[in-house]
Amino acid sequence: MFWQREVESIDRGLLEKIQLERLKETVHRVYAHIPFYRRRFEEGNIAPEGIRTLGDIRKIPFTCNEDIQVNFPYGLLAVPKDDLVRLHTSSGTTGRPKAVFFSKRDIDQSTELIARCLVMTGMKRGDVLQNMMTYGLFTGALVMHYGAEKAGILVIPSGSGNTNRQIMLMQNFKTTAIHITPSYILYLAEVLEKKGIDPQRDLSLKRAFVGAEPYSEETRKKIEDIFKIDVYNSYGLTEMNGPGVAFECEWKQGMHIWEDNFLIEIIDPSTGDLLPEGQYGELVLTTLCREAMPILRYRTRDITSIIPGPCSCGRTHRRISRIVGRSDDMFIIRGVNIFPQQIERVLMGIEGVARNYQIILESLDEMRVQVEIDRGIFDGNVDRLLRFQKDMTNKLRSEILILPKVELLEPGVLPVFEGKAKRVIDKRTL
Ligand code: ADP
Ligand code: ZN
């Protein structure tokens, strides 16, 4: 199903023409209205007229996290302050919060993008979406909320947390879809199990839109198995409106990124060079339709790749693969680069692992992985438990190439996160 078929399956040649038009318009506008960008252009000897092709974008310097922070609060506006109708800030997982502003047109645009996303998973009028993201400064809940309403879906603005009430709402209103973080949905599963509620028998759930933090394909499978639903990956970031940047269609083979709104590049994070399709690197985004706060070549720090080839759904907007992690999530143990998600992938692929884990970096060459496991194994035969631990350690070693200490814990002892999870505790910097 399509929300805007002609835009979603647009001919690539035409799409590129539209992208170029919008890029030129954006470049002229930021030059005229945002002193920060004008300075950048002047320093680099670039005139807005010098941007004649899509490839010319590489003449423009990157915009980084720090540039947004330095221009806090109103420094990156391309419209008068009176035209702003909404403010959001990033959740502050990394560094100081960043403020992002929307004009009326920006709200309409982000709303349309969410409607496209939801409809391409099969959502339609009659569906009931329980929005279990945090309402407030965080973009996650409100942006999704507006888009779902636009698509004619009934939205329950439950927010995150208060799990007992969430379950009650799901039962009372026969919720068919939820919008939630990976860590919270795993916790929700645990609470349902404790209460003896069978997700399949006692709930009406069909879909979950899971995002806001990295998770592996193994975790998706685990969630789909527990709930017997379809889980769709949802990617976004505050700097680019929040959710609705990239989303999976019914085929669930990578996330379509709305290229009429965002120009995408994948670069080598250390050299800044453009990488070809299929190769993993840092995602760089340029807004093409943003009115209030256009951003050129934003370094997201998210590591992904462009999936080559068309998607079976007929959409022509390209797909990005599951985000491996943030370049700044990566840590180094014994000289080896490790992403927390590599560890998650191994853990969630092991039968008997429960839903929560934590990584503790003890020193430059020592890490500990704490994993909750199913009660049956935890309380069972000691030999079996030791074998389980050894097997897990070996599997982790073959993925990350170093030998971690593995600590098995009973379910429910590690901290629970209603918003974004904090998986890595770096004792080296505490
Ligand atoms: P913060 O930067 O403070 O976490 P945001 O709420 O803007 O604030 O978070 C956006 C970031 O969340 C992205 O840059 C990305 O790292 C992560 N993220 C969002 N959705 C996903 C997803 N589906 N998979 C992996 N990471 C995601
Ligand atoms: Zn598709």
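Are cysteine 249 and histidine 256 buried or exposed? Both residues are buried (under 20% relative accessible area, with exposed over 50% and partly exposed in between; 1.4 Å probe, protein chains only). The views show a predicted model, in which local features need pLDDT of at least 70 and side-chain atom pairs count only at pLDDT 80 or more, whereas totals for chains, interfaces and linings use all residues. Residues are numbered from 1 along each chain as its sequence is written, chains are lettered from A and ligands numbered from 1 in the order in which they are written, and side-chain values use heavy atoms, without hydrogens and water.

**View 1. The site of the zinc ion (ligand 2) is tetrahedral.** Cys249 (SG), His256 (NE2), Cys311 (SG) and Cys313 (SG) are its protein donors, at 2.1 to 2.3 Å (donors are N, O and S atoms within 2.8 Å of the metal, or 3.2 Å for Na, K and Ca; water is not among the atoms, so sites may look incomplete). Angles among the 4 donor atoms are 100 to 116° (four donors count as tetrahedral if all angles lie between 85 and 135 degrees). Along the chain, the donors have the spacing C-x6-H-x54-C-x1-C.

**View 2. Aspartate 260 is buried, with a relative accessible area of 6%.** Its contacts beyond four places in sequence include Arg22, Arg116 and His317 (contact means heavy atoms within 4.5 Å).

**View 3. Arginine side chains lie over two aromatic rings.** Arginine 116 lies over the face of tryptophan 258, 4.8 Å from the ring centre. The charged end of arginine 38 sits over the ring of tyrosine 31, at 4.5 Å from its centre (NZ of Lys or CZ of Arg within 6 Å of the ring centre and within 35 degrees of the ring normal).

Methods:
Four donors count as tetrahedral if all angles lie between 85 and 135 degrees; four count as square planar and six as octahedral if opposite donors are over 155 degrees apart and all others between 65 and 115; anything else is irregular.
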